[in-house]
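Work through the exercises below with the structure open. Try each task before reading its solution.

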Amino acid sequence: MDSASGREWHHESATSNDFQQSTSRSRTVLEDLPLDLDRDQAQPLSVQIAEQLRRAATGGPLRGGDRLPSTRALAGRLGVSRTVVAAAYDQLHAEGWISGRRGSGTYLTTAPAAAPARTDSVHDPAVAPRLFDLAPGAPCVDAIDPAAWRRAWRAAADHDPLVRKDRAGEPEFRTAVTEHLLRHRGIGAGSDTVLLATAGTSSAVSELAAALLRPGDAVAMEDPGYQRAAGAFAAAGLEVVPVPVDAHGLRVDLLPARIKAVYCTPAHQFPLGARMPAARRVELVEHARAAGIFVIEDDYDGELRYDTAPLPLLATIAPDVVVHLGTMSKILSPSLGVGWLLATPEIAGAVLAHRERTGTGPSPAGQRVLVAFAAHGDLARHLRRLRRALPPRRALVVTALRRRGVGVLGDDAGSHVVVPVQSAEAERRVIAAGQARGVALDGLSRYYLGARRDHFGVALGYTALPLPQLTAAAPIAAECLARP
């Protein structure tokens with residue numbers, strides 16, 4: 001780019017008709033935009049123009065993508081020289097508020113572009129880096145093969161529009177998921193179970209609550225546990241009963257008699273990370289049969305075990321009383337918005353009846369992308385790549401913590417570790433310290449449903465960030481956790 005005094009913006013060869021040739025919305029907004037210059041102020045006119053355009057972008061009528069008038073057109077409207085407007089545009093461009101597209105014009109980007117990461121200063125407490133996301137629950141999209149991802153979306157688009165959707169899910173999707181579960185989770189859909197597509201775990205929980213339970217019914221949940229599932233139950237008018245967990249997951253011996261269902265995450269308890277052992281799994285399904293209740297098994301990241309072979313799913317032990325839920329949001333991307341539900345024909349039928357009554361059901365679009373992604377082995381290759389990528393990430397985080405004398409809880413699985421601290425106040429201090437250093441940390445306290453608090457600490461995810469950012473963020477988190 002030339003200097004501010006001599007820069008020619010990409011659209012400057014056009015005439016003052018540029019402003020009238022922009023989109024209808026942009027033209028209307030910019031014609032009505034009050035840009036009032038005070039020539040009696042000591043502040044230069046170019047600075048006044050830049051400041052008023054910034055205000056319009058942050059709290060006014062301008063939006064990202066709006067086309068700005070040419071310097072000639074705006075100068076004519078304001079009665080100033082073109083050099084004044086060019087200087088204002090140069091300043092906004094340098095700050096990242098606008099960008100020029102050759103042969104098209106100058107467009108508002110709304111927010112300034114992010115500054116490049118400074119690896120030489122991220123460890124300096126005096127320097128606040130940009131916010132690093134170390135919260136749990138995000139997929140490792142870095143492990144996705146971009147070519148396979150784009151290929152799947154193109155293939156999914158090569159379909160005629162639907163006239164009516166199958167409320168059970170696209171047949172090809174259900175076939176792909178059935179094969180996935182058989183190969184990677186050791187469970188098959190047979191005559192005693194039916195597989196339905198869902199829009200994800202929280203959506204499936206909402207459907208089960210509406211289809212099988214009545215307002216006022218009690219549902220037991222792990223405490224601490226998955227807040228969105230608790231929110232889905234509460235939204236359906238159900239009583240959510242918190243049940244403590246220990247090193248082996250849900251305490252079956254503490255389940256109250258009045259409950260109608262149990263929600264749990266046996267493969268990798270969320271958020272503490274425990275794996276429910278075989279004996280307790282048997283205890284849980286035997287309790288469910290004896291009490292006449294059903295168990296909702298949320299297998300949100302069961303595919304992400306890379307230390308030992310996973311234990312049998314509850315649904316393989318007792319398909320008669322277990323509803324199995326899975327999702328692609330943690331192993332691939334929430335972009336798809338797809339998951340699945342495996343249950344008895346009676347339960348699946350009740351969910352389908354609810355969908356027919358309400359006109360709801362998962363969107364076919366994400367299902368088609370998943371089908372295309374799985375069609376030529378890309379899904380299986382992705383899972384293998386993911387299982388190779390996650391152990392080094394976990395080791396990176398654990399090593400940074402241990403160098404500071406900080407220990408972790410949880411199995412070598414999933415996408416997060418738990419770092420305990422002594423008290424609720426220490427947890428708040430750690431989170432505040434992380435925020436001040438530009439690191440987003442997630443405290444355990446918010447995952448509790450009842451008043452009882454047995455664990456304090458941070459659930460620290462290692463999948464959301466690209467590896468270079470994770471490498472920079474992990475030592476910062478470790479420093480904050482070492483001084484709670």
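**Exercise 1.** In this predicted model, classify how helix α7 (residues 201–212) and helix α11 (residues 345–358) are oriented to each other, and find the residues that meet.

*Solution.* 
1. Take the axes. They come within 9 Å and cross at roughly 95°.
2. Apply the cut-off. Angles of 65 to 115 degrees count as roughly perpendicular. α7 and α11 are therefore roughly perpendicular to each other.
3. List the partners. α7 supplies Glu-207, Leu-208, Ala-210, Ala-211 and Leu-212. α11 supplies Ile-347, Ala-350, Val-351, His-354 and Arg-355.
4. Sort by class. The contact of α7 with α11 has seven nonpolar, one polar and two charged residues.

**Exercise 2.** Describe the packing of helix α6 (residues 171–184) and helix α12 (residues 364–375).

*Solution.* 
1. Start with the geometry. The axes of α6 and α12 lie 9 Å apart, at an angle of about 50°.
2. Name the arrangement. That angle makes α6 oblique to α12.
3. The crossing of α6 past α12 is left-handed.
4. Find the contact. Glu-172, Phe-173 and Ala-176 of α6 touch Gln-367, Leu-370, Val-371 and Ala-374 of α12.
5. Sort by class. Five residues are nonpolar, one is polar and one is charged.

**Exercise 3.** How many cavities of 30 Å³ or more does the whole structure hold, and which residues line the largest cavity?

*Solution.* 
1. Count. The search finds three.
2. Size the largest cavity. Its volume is about 50 Å³.
3. Read the lining: Arg-185, Ala-267, Arg-275, Arg-281, Gly-302, Arg-305, Pro-310, Leu-311 and Leu-313.
4. Sort by class. The lining has four nonpolar, one polar and four charged residues.

Technical notes
Residues are numbered from 1 along each chain as its sequence is written. This is a predicted model: local features need pLDDT of at least 70, side-chain atom pairs count only at pLDDT 80 or more; totals for chains, interfaces and linings use all residues. Side-chain values use heavy atoms; hydrogens and water are left out. On a 1 Å grid over the protein atoms alone, a cavity is a set of points where a 1.4 Å probe fits but cannot get out, and a pocket is an open set with protein on both sides within 12 Å along at least five of seven lines; lining residues have an atom within 4 Å of a point. Grid points are joined across faces, edges and corners, and a volume is the space filled by probe spheres set on the points. Ala, Val, Leu, Ile, Met, Phe, Trp, Tyr, Cys and Pro count as nonpolar, Asp, Glu, Lys and Arg as charged, and the others, Gly among them, as polar. Axes are lines fitted to C-alpha atoms, for helices over the stretch in contact, and angles run from 0 to 180 degrees between N-to-C directions. Helices (H or I, at least four residues) and strands (E, at least two) are DSSP runs, numbered from the N terminus. Angles under 35 degrees count as roughly parallel, over 145 as roughly antiparallel, 65 to 115 as roughly perpendicular and the rest as oblique. A crossing is left-handed if the near helix is turned anticlockwise from the far one by less than a right angle, and right-handed if clockwise. Contact means heavy atoms within 4.5 Å.
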